[in-house]
Amino acid sequence: MSTIHPATDFRSDTVTWPTPTMVEAMATAELGDDVYGEDPTVNELEALAANLLGKEAGLFVTSGTQGNLIAALTHAQRGDEAILGEDAHTFCWEAGGIAVLGGITTRPLPTDSRGRIAIDQIKSAIRVDNPHLPHSQLILLENSSGGNNGAAIEPDYFAAIGTLAHEHHLKVHLDGARLFNAVTALGVEPTDITAHVDSVSVCLSKGLCAPVGSLLVGSEAFIHQARRHRKLLGGGMRQAGGLAAAGIIALKTMSQRLQSDHDNAQALAQGLATIPGIEIDPAVVETNMVFFDLAEGIAISPEALIKALKLEYGLYIGGYGDRRLRAVTHYWIKPPQVERLIAAIGTILRRH
Ligand SMILES: *Cc1c(COP(=O)(O)O)cnc(C)c1O
């Protein structure tokens, strides 16, 4: 298979390649053995993330999945229960890791169209102390909400849940894989949200363009334990400074340019809305993710549309079951590519 260039690839923001500035920084990064705590570039990245997210300490981990798993293992014991949204990434897309490896049971609750669990539902899901029952220990939240058009959830929601959780001695972890997209869309500081939770994970390897890695942040004591769990899971890395160098640019620079991706996503949504046979409400597109449906009457399947885009135009989008498709914008996608995708989809659908 030939290489897919990210400028043609709307399947996800995970397809991004490192920017030329990142490649240069990676080649010249100062290195050391990070398991000994001696990689200066990793140490700088961890301190930077902790500072940006308003926590005492940070830990560089291999992926968002690993960050969330380490957070759950660190906050909860076997037999504890985690409350989470039924469409949360931690529940649906992480191979059941918290149950498989942590012995942590899950309590999935319904979410609204923007990925929020109602506060009173969380309240009634917190169990009383009774030996028959699992022990409520952890609430897992997500922002932006990937399963809900990338909705950017407001700080107030986290404040309310933080207060409720802490009254009942529960911990709160935020899966902030795309937290910087959320704060960009909301026009708030990351700490306006993260102040209300105990730990946060953020992905460097999505819209922020680093090739690999996520950051987990929390208190000194939490990160001390998390470091043990990262080792347990095989995630201790050695001269990881080459990767961390890209991560520093991701956090400092790339986190500041996401409004362009959101503008491109909005333009894409508005363009798609003009095509007969496409169902989409551009108002639900708050960040960089554009989900849309093929209308019932259209005689082309999502698979056939994906294939035609690939073979005839060299463009890639994602399929999400039934009649649902997804296009995600990112650093490598500029307005002309957005126009090209809209035109290509219009042309293919007119034939059907
Ligand atoms: C991508 C993603 C993750 C997992 O990150 P990986 O680095 O792919 O393991 C977790 N949560 C959300 C919301 C994500 O979008």
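**Asking how we know**

Reader: What makes Pro 18 partly exposed?
Author: Pro 18 has a relative accessible area of 23%. Buried means under 20% and exposed means over 50%, so a value in between gets the label partly exposed. Keep in mind that this is a predicted model.

Reader: Where is the place of Pro 18?
Author: Look in the segment before helix H1 (20-28).

Reader: Which residues does Pro 18 touch, leaving out those up to four places away in sequence?
Author: They are Val 23, Met 26, Cys 209, Pro 211 and Trp 332. To be called a contact, heavy atoms have to be within 4.5 Å. There's also Ser 205: 187 residues separate Pro 18 and Ser 205 along the chain, yet their C-alpha atoms are 8.7 Å apart.

Reader: OK, on to helix H3. How do you know what its twelve residues should span?
Author: You count 1.5 Å a residue, which gives 16 Å for residues 64-75. The end C-alpha atoms of H3 are 16 Å apart, so the two values agree.

Reader: Why is H3 called largely enclosed by the rest of the structure?
Author: Because eleven of its twelve residues are buried, and buried means under 20% relative accessible area. Among them are Gly 64, Gln 66, Leu 69, Ile 70 and His 75.

Reader: What makes H11 mostly covered?
Author: Ten of the twelve residues of H11 fall in the buried class, including Gly 241, Ala 244, Ile 248 and Leu 251. The cover over those buried residues includes H1, helix H2 (40-52), strand S1 (57-61) and helix H8 (179-186).

Reader: How far does H11 reach from its first C-alpha to its last?
Author: H11, residues 241-252, reaches 16 Å, close to the 16 Å expected at 1.5 Å a residue.

Reader: Let's zoom out. How many helices and strands does the protein chain have?
Author: The protein chain has 14 helices and eleven strands.

Reader: And why is the protein chain called as compact as a globular protein of that length?
Author: The globule rule gives 20 Å for 352 residues, and the radius of gyration here is 21 Å. Those are close, so the description holds. As for the box, the C-alpha atoms fill roughly 60 × 50 × 35 Å along the principal axes.

Reader: How much of the protein chain is buried?
Author: Of the 352 residues, 56% are buried.

Reader: Last one: what do the contacts join, counting residues at least 6 apart in sequence?
Author: Among those contacts, 74% join residues at least 24 apart.

Terms used:
Residues are numbered from 1 along each chain as its sequence is written. This is a predicted model: local features need pLDDT of at least 70, side-chain atom pairs count only at pLDDT 80 or more; totals for chains, interfaces and linings use all residues. Side-chain values use heavy atoms; hydrogens and water are left out. Helices (H or I, at least four residues) and strands (E, at least two) are DSSP runs, numbered from the N terminus. The radius of gyration is taken over C-alpha atoms; the globule rule is 2.2 Å times the number of residues to the power 0.38. Buried means under 20% relative accessible area, exposed over 50%, partly exposed in between (1.4 Å probe, protein chains only). The expected span of a helix is 1.5 Å times one less than its number of residues.
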